[in-house]
Amino acid sequence: MLLGERMKEHKFATRAVHAGQHPDPLTGSVTVPIYETSTFVFKSAEQGAARFAGTEEGYIYTRLGNPTIKALERSVADLESGEDARACSSGMAAITTAVLSLVKAGDHVVSTDCIYGGTVKLFLGILSQFGVEFTMVDTSNVANTKSAIRANTKLIYLETPTNPTLKLTDIKATVEVARKHDALTLLDNTFMTPYFQRPLEMGVDLVIHSLTKYLSGHSDVVGGIIVGSKTLLKKMDPTLKNVGATLGPFEAWLTLRGIKTLPLRMERQNENALKIAKFLEQHPKIGKVHYPGLKSHPQHELAKKQMTGSGGVICFEVQGGLEAGRRLMNSVKLCTLAVSLGAIETLIEHPASMTHAIIPKEERLRAGITDNLVRLSVGIEDADDIIQDIEQALEKA
Ligand code: LCS
């Protein structure tokens with residue numbers, strides 16, 4: 001029987017199928033059962049008291065822990081080379097729980113400027129109201145990070161590659177800067193997944209994911225997770241348990257199921273995306289194409305150094321501006337006009353008016369999210385069919 005604890009000797013694809021999971025000892029069920037229960041019976045009042053006191057291990061109440069969720073946490077912790085993990089109800093819940101647990105009023109955070117719109121709103125619109133200061137900088141230049149650090153900087157928040165512009169941050173160099181200033185590093189690894197990038201192995205303190213994307217992979221889950229050392233995760237527990245942003249058992253189960261095919265999906269999406277990015281790059285109606293796997297990407301060398309693939313998200317400029325971009329999005333037949341990313345079907349969307357519309361225009365433009373930028377999350381369909389669809393839509397753009 002393959003137990004989570006014994007998985008380290010195996011390769012990634014094996015661990016994606018087995019880590020954190022074992023046949024159910026009660027029934028022999030090969031898959032982890034969905035423990036769809038809010039509460040767990042105690043054998044006695046004494047046992048209930050012991051579980052609350054922490055002197056006896058065991059489940060109490062699903063917001064405080066659940067076996068299906070635990071299996072997912074062990075699986076993702078194993079794949080990310082973390083000691084443990086905490087699943088949350090969304091990617092935003094994971095970011096909120098992690099940041100709230102690490103900083104307090106009077107503390108300062110340095111963050112990548114061009115990140116998912118919801119994260120920008122959380123930092124500048126919500127957490128800053130509680131006395132936490134944020135400085136958003138272009139962390140692709142480590143000198144910017146260095147000069148933004150203050151005496152009260154407690155945390156450096158990175159998203160690499162960035163959503164949607166696919167800019168990279170040098171992870172090891174940034175960790176070095178953070179350590180010199182006793183600041184922790186927290187990295188959103190949603191775009192790469194542990195299959196292509198393992199930040200904890202590069203010295204990052206905590207990794208978060210939107211499980212909604214590649215890890216679950218089928219556009220049927222909203223979830224998030226925090227991965228890192230047991231000590232740091234213990235700091236998350238009071239926030240997670242009492243703010244209550246915990247994942248449901250069914251979402252945990254769907255994500256465990258998705259993770260089993262993560263290596264296959266990532267390989268295919270990476271291969272498709274490179275093919276499509278190369279097609280877009282030579283198309284006369286397309287301007288700049290942003291994809292770290294292209295030789296023309298300004299940080300292609302860094303991509304090869306810290307990632308083993310480039311994932312499935314491509315961003316590109318359509319000649320003719322916003323209107324031409326809208327005509328393209330309204331003319332696709334196979335690609336799905338929808339936000340989100342990382343699923344098996346190809347999704348197309350407009351960051352400036354959709355995923356990043358929450359960011360004021362001036363800041364958006366400074367981060368490189370222009371009005372003519374279109375984002376494509378490449379699925380696992382046949383690449384030639386996707387190319388053909390974009391080609392016919394571009395004729396109408
Ligand atoms: N981090 C990244 C990099 C994201 O792209 C998203 C969502 C989140 C965190 C938040 O995760 P959630 O709470 O949605 O699970 N990104 C989205 C996007 O680009 N389109 O729709 C959602």
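In this predicted model, D170 counts as buried, at 18% relative accessibility. The cut-off explains the label, because buried means under 20% relative accessible area. The salt-bridge partner of D170 is K305, and the closest N and O atoms of the pair are 3.8 Å apart. K305 lies in helix 12 (residues 300–306), while D170 sits in the loop between strand 4 and helix 7 (171–180), so the pair ties together parts that are 135 residues apart in sequence. K305 is exposed, with a relative accessible area of 64%.

The model holds 17 salt bridges. Another of them pairs D107 with K154, with 3.1 Å between the closest N and O atoms. This pair also links distant parts of the chain, 47 residues apart. D107 lies in the loop between helix 4 (91–102) and strand 2 (108–112), and K154 belongs to strand 4 (residues 153–159). D107 is buried, with a relative accessible area of 5%. K154 counts as partly exposed, at 33% relative accessibility.

E73 and K70 both lie in helix 3, three residues apart, which is about one turn of the helix. Their closest N and O atoms are 2.9 Å apart. E73 is buried, with a relative accessible area of 7%. K70 is buried too, with a relative accessible area of 18%.

The lining has 34 residues, and K70, E73, R74, D84 and R86 lie nearest the centre of the pocket. Helix 3 gives the largest share of the lining, six residues. At least two residues each come from helix 2, helix 3, strand 1 (84–88) and helix 9 (230–243). By residue class, the lining comprises 17 charged, nine polar and eight nonpolar residues.

The surface also carries a nonpolar patch. F42, F52, Y61 and L64 make up this patch, which covers about 370 Å². L64 is found in the loop between helix 2 (45–53) and helix 3 (67–79). At 31% relative accessibility, L64 counts as partly exposed.

How values were computed. Residues numbered from 1 in each chain as written. Predicted model: local features only at pLDDT ≥ 70, side-chain atom pairs only at ≥ 80, totals over all residues. Heavy atoms only, no water. Patch = residues over 30% accessible without salt bridge, like charges linked within 9 Å, V, L, I, M, F, W, Y side chains within 5 Å. Areas by Shrake-Rupley, 256 points an atom, 1.4 Å probe, with all protein chains shown as cover. Salt bridge = Lys/Arg side-chain N within 4 Å of Asp/Glu carboxyl O. Helix = DSSP H or I, 4+ residues; strand = E, 2+ residues; numbered from the N terminus. Buried < 20%, exposed > 50% of the residue type's maximum accessible area, 1.4 Å probe, protein only. 1 Å grid on protein atoms, 1.4 Å probe; cavity = no way out; pocket = protein on both sides within 12 Å on 5 of 7 lines; lining within 4 Å. Nonpolar A, V, L, I, M, F, W, Y, C, P; charged D, E, K, R; others polar.
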